[in-house]
Amino acid sequence: MEDKKLEQNKQEESSSFLGRSILTGFIGGIIASLLGIFMYYFNFSEVSAKSYLIRTWSKAAWTDTWLADLVSTSLIGILSIGVAIIYYGILKKIYSIWMGVVYGLVIWGIVFFILQPMFPNIPSVAEMEMKTIVSTMCLYILYGTFIGYSISFDYHDTVLKTSKEKAKDSSE
């Protein structure tokens, strides 16, 4: 009976940890997208989320409005769930803020180098102004650090609680 309860608790902790990771990804995407919009409107960057997600596929007038910002922010939040799941699956055990920094830089490289040909209206990195390169790199570093460190911290906190509970149960 005790073993069955412990196994059930493990499954609940694992599924709730994945749920928290998904929520972390969604919130991280929303926050990063809002910061990107802020950077775009105050001319820290030549590109925004709507430049990639909306204007690439549509040239309609509404793509220059707040509605395009709202739609692109929502889409970035949804896409960030996948980013968080990848981190959860591969890197959650690495408890270091630097892994989040590296993860953000890798995502920046993927978006600005590998996926760039999919976005004909976005200039290549060589054609971008230095302020755009630096500010978007900083944004992606912040984004990767938020997702990576949040998931790693939660994982290690969960493991620590589980090991304390096991030690407590074995001492009784």
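Let's start where two helices touch: V83, I86 and Y87 in α3 meet M99, G100, Y103 and I107 in α4. By class, that contact has six nonpolar residues, one polar residue and no charged ones. Keep in mind that this is a predicted model.

**How α3 and α4 pack**
- Helix α3 covers residues 66-90 and helix α4 covers residues 97-114, and the two pack at an angle of about 135 degrees.
- Angles over 145 degrees would count as roughly antiparallel and 65 to 115 as roughly perpendicular, so this angle makes α3 oblique to α4.
- Their axes sit 12 Å apart.
- If you look at the handedness, the crossing of α3 and α4 is right-handed.

**What's around the largest pocket**
- There are 31 residues lining this pocket, and the ones nearest its centre are I76, I107, V111, Y140 and Y143.
- Helices α1 (2-41), α2 (49-53), α3, α4 and α5 (130-171) each give at least two residues to the lining.
- Sorted by class, the lining has 23 nonpolar and eight polar residues, with no charged ones.

Definitions and conventions:
Residues are numbered from 1 along each chain as its sequence is written. This is a predicted model: local features need pLDDT of at least 70, side-chain atom pairs count only at pLDDT 80 or more; totals for chains, interfaces and linings use all residues. Side-chain values use heavy atoms; hydrogens and water are left out. Axes are lines fitted to C-alpha atoms, for helices over the stretch in contact, and angles run from 0 to 180 degrees between N-to-C directions. Helices (H or I, at least four residues) and strands (E, at least two) are DSSP runs, numbered from the N terminus. Angles under 35 degrees count as roughly parallel, over 145 as roughly antiparallel, 65 to 115 as roughly perpendicular and the rest as oblique. A crossing is left-handed if the near helix is turned anticlockwise from the far one by less than a right angle, and right-handed if clockwise. Contact means heavy atoms within 4.5 Å. Ala, Val, Leu, Ile, Met, Phe, Trp, Tyr, Cys and Pro count as nonpolar, Asp, Glu, Lys and Arg as charged, and the others, Gly among them, as polar. On a 1 Å grid over the protein atoms alone, a cavity is a set of points where a 1.4 Å probe fits but cannot get out, and a pocket is an open set with protein on both sides within 12 Å along at least five of seven lines; lining residues have an atom within 4 Å of a point.
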